[in-house]
Amino acid sequence: NFDIIDIIRRAKRNGIIIILWTCREDELLQDALTWMSDLGITPDYVNENLPDAISRYGADPRKIAADLYLDDRAFYARKNLETLWLMAGGENV
């Protein structure tokens with residue numbers, strides 16, 4: 001979904017922290033990171049919370065603290081592209 005990929009790239013350029021949370025491990029995780037890198041996306045964190053959240057909770061819980069979650073099985077992003085675009089720092093069209 002290149003619309004979403006473009007939005008994630010824009011968000012990253014605008015200083016929004018990108019966290020990849022995935023159940024992938026080992027080679028599958030590396031494949032996912034390589035795929036993202038090939039698309040110009042480098043997550044700031046992988047399967048971990050921000051340091052201030054870890055400090056606040058006194059641990060790194062499995063639930064990643066975030067303002068927005070994009071889930072390929074739970075969020076139909078294509079219907080909400082304008083909202084995502086604005087959140088990523090895009091201008092109103």
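User: How many salt bridges does a search of the whole structure find?
Analyst: Keep in mind that this is a predicted model. Another is formed by Asp44 with Lys12. The search of the whole structure finds 2 salt bridges.

User: Is Arg9 buried or exposed, or in between?
Analyst: Buried means under 20% relative accessible area, and exposed means over 50%. Arg9 has a relative accessible area of 24%, so Arg9 falls in between. The class for Arg9 is partly exposed.

User: How far apart are the closest N and O atoms of Asp44 and Lys12?
Analyst: These two residues form a salt bridge. The pair links distant parts of the chain, 32 residues apart: Asp44 is in the loop between α2 and β2 (45-46), and Lys12 is in helix α1. Asp44 is partly exposed at 35% relative accessibility, and Lys12 is partly exposed at 29%. The closest N and O atoms are 2.5 Å apart.

User: Which residues form a negative surface patch?
Analyst: Asp31 is one of the members. Asp31 sits in helix α2, residues 26-38. A patch residue needs over 30% relative accessible area and no salt bridge. Asp31 is at 42% and counts as partly exposed; the patch is formed by Glu25, Asp26, Glu27 and Asp31.

User: Why does Asn49 count as buried?
Analyst: Asn49 is found in the loop between β2 and α3 (51-57). The cut-off for buried is under 20% relative accessible area. Asn49 is buried because its relative accessible area is 1%.

User: Which residue's backbone nitrogen lies 2.7 Å from a polar atom of the Asn49 side chain?
Analyst: The side chain of Asn49 has polar contacts with two backbone atoms. At 3.3 Å, the side chain reaches the backbone oxygen of Lys63. At 2.7 Å, a polar atom of the side chain lies from the backbone nitrogen of Ala65.

Conventions: Residues numbered from 1 in each chain as written. Predicted model: local features only at pLDDT ≥ 70, side-chain atom pairs only at ≥ 80, totals over all residues. Heavy atoms only, no water. Patch = residues over 30% accessible without salt bridge, like charges linked within 9 Å, V, L, I, M, F, W, Y side chains within 5 Å. Areas by Shrake-Rupley, 256 points an atom, 1.4 Å probe, with all protein chains shown as cover. Salt bridge = Lys/Arg side-chain N within 4 Å of Asp/Glu carboxyl O. Lys, Arg positive; Asp, Glu negative; His and termini not counted. Charge placed at Lys NZ, Arg CZ, Asp CG, Glu CD. Helix = DSSP H or I, 4+ residues; strand = E, 2+ residues; numbered from the N terminus. Buried < 20%, exposed > 50% of the residue type's maximum accessible area, 1.4 Å probe, protein only. Polar contact = N/O pair within 3.5 Å; in protein donor to acceptor, adjacent residues only side chain to side chain.
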